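Me: I have a new structure open and would like to learn how to read it. Could you take me through it piece by piece?

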Amino acid sequence: MTTLLEPLRRIAAYAVCADSDGRVLLVRASERSGTPGTWSLPGGAVDHGEDPNHTVVRETAAETGLSVAVSGLADVLADMRALPERGITIHTDRLIYRVAVRGGTLADRVGERPTDLARWYTLDEARELPLRSFTARALGLPASSADVVPDEVPEFPSFYAVPGPDGLHRAQRFAAYAVCTDPAGRVLLTRISDGYPGAGCWHLPGGGTDYGEQPGAALIRELVEETGQAGRLVELLGVASHRDAASLGPEGYPIDWHGVRAFYRVVVDQPNPLTVADVGGSTCEARWFAREELGALPTDRLTEVTAEAVQAAQLT
């Protein structure tokens, strides 16, 4: 039974790295890990406040001895796995990056880390290994059964802050947002309610993902809740990482927030009347902006992730 396991969440970043012969870099989980003997992409947990781009470079060096440079974002996905021997169920939001080796020497880490071996494998060779499920998906290989999936999705609070070493509570949150357009080329934004960080600023529709929820499904759900629009997911545009070290919101005490946010291009083929279903929540208004109106908005009227995503989508 996995229903009684304690639920945890984390954000992690991983490297898809291929050499000139088309082999991919994989690492083996050691006896110190929750899935000993399985193989996965190099990578690991994103530290509080750390940009995931830096995480994947740091973790790849630690696990393989190789220095890599990030060339792009390949995928964002989520999964749950049960570790009954540890009494926990983990939901992990995984950011998969394409990287290239720029130096170092391949080395094993026996006895030092949750991984112990690092090897180059062809895809045919990797197909025969006990791969972690997310690794098989990232490499386009058949799904692996190496992970134990919980019987059901456990209850987990949407807001979870813990005391930090500096005396402030801290919270790390993964969210998904939509760069949303209609057939006329207008861009859909939402305005943040009073009492919430960034009050009065225009923001992308979207929000935090639920435990066990994929990011794409989360943003389509949030789009309906915040604006009343049914959207069609088109493509992943990027990931933004921002830290607000002392944000005061409805909780009534300052929180050191670290937000990691995937943003996607979404199309609303048939716009509905704009409605905000979550009355009293963080969104107080939704509005379509023509491209020239969006470009005329002062930078300080947009949230950080909105400005970054709009630029990535080349809308201004």
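This is a predicted model: local features need pLDDT of at least 70, side-chain atom pairs count only at pLDDT 80 or more; totals for chains, interfaces and linings use all residues.

Reply: Let's start with a helix lying on strands. Helices (H or I, at least four residues) and strands (E, at least two) are DSSP runs, numbered from the N terminus. The angle comes from axes, which are lines fitted to C-alpha atoms, for helices over the stretch in contact; it runs from 0 to 180 degrees between N-to-C directions. Contact itself means heavy atoms within 4.5 Å.

Me: Which other strands does helix 1 lie across, and at what angle to strand 5 does it run?

Reply: Helix 1 also lies across strand 1, strand 4, strand 5 and strand 6, running at about 90° to strand 5.

Me: How do I read the order of strands in a sheet?

Reply: Look for pairs: two strands pair if DSSP finds at least two bridges between them. Strand 2, residues 24–29, is joined to strand 3 by two bridges, in an antiparallel run. You can find V27 opposite S40 of strand 3.

Me: What is the order in the sheet of four strands, and what is its pairing?

Reply: That open sheet has the order 4-1-6-5, and its pairing is mixed. Strand 4 (43–45) and strand 5 (66–83) are the edge strands, each pairing on one side only. From one strand to the next, the twist averages 20°.

Me: How do I check the length of a helix, and which side of it is buried?

Reply: For length, the expected span is 1.5 Å times one less than the number of residues. Helix 1 has 13 residues, which should span 18 Å at 1.5 Å a residue, and its end C-alpha atoms are 18 Å apart, which agrees. For burial, buried means under 20% relative accessible area, exposed over 50%, and partly exposed in between (1.4 Å probe, protein chains only). The buried residues of helix 1 are P52, T55, V56, E59, T60, E63 and T64. Down the axis of helix 1, these buried residues fall within an arc of 120°, so they line one face. The arc is that of the directions from the helix axis to the C-beta atoms.

Me: Which residues of helix 4 are buried?

Reply: In helix 4, residues 215–227, the buried ones include A218, L219, E222 and L223. The buried residues of helix 4 fall within an arc of 155° seen down its axis, so they line one face of the helix. Just after helix 4, G228 has a positive phi of about 80°.

Me: How enclosed is strand 10 by the rest of the structure?

Reply: Strand 10 (residues 187–192) has five of its six residues buried, so it is largely enclosed by the rest of the structure. With strand 9, strand 10 forms a hairpin that has five residues between the strands, and G185 in the turn has a positive phi of about 85°. Six bridges also join strand 10 to strand 15 (residues 283–289), in an antiparallel run.

Me: Last one: how do I spot a core?

Reply: A nonpolar core is a set of buried Ala, Val, Leu, Ile, Met, Phe, Trp, Tyr and Cys residues joined through side-chain atoms within 4.5 Å. The largest has 29 residues, of which V76, L95, Y97, C180 and V239 touch the most other members. A second, separate core has 18 residues, including L189 and A240.

Terms used: Residues are numbered from 1 along each chain as its sequence is written. Side-chain values use heavy atoms; hydrogens and water are left out.
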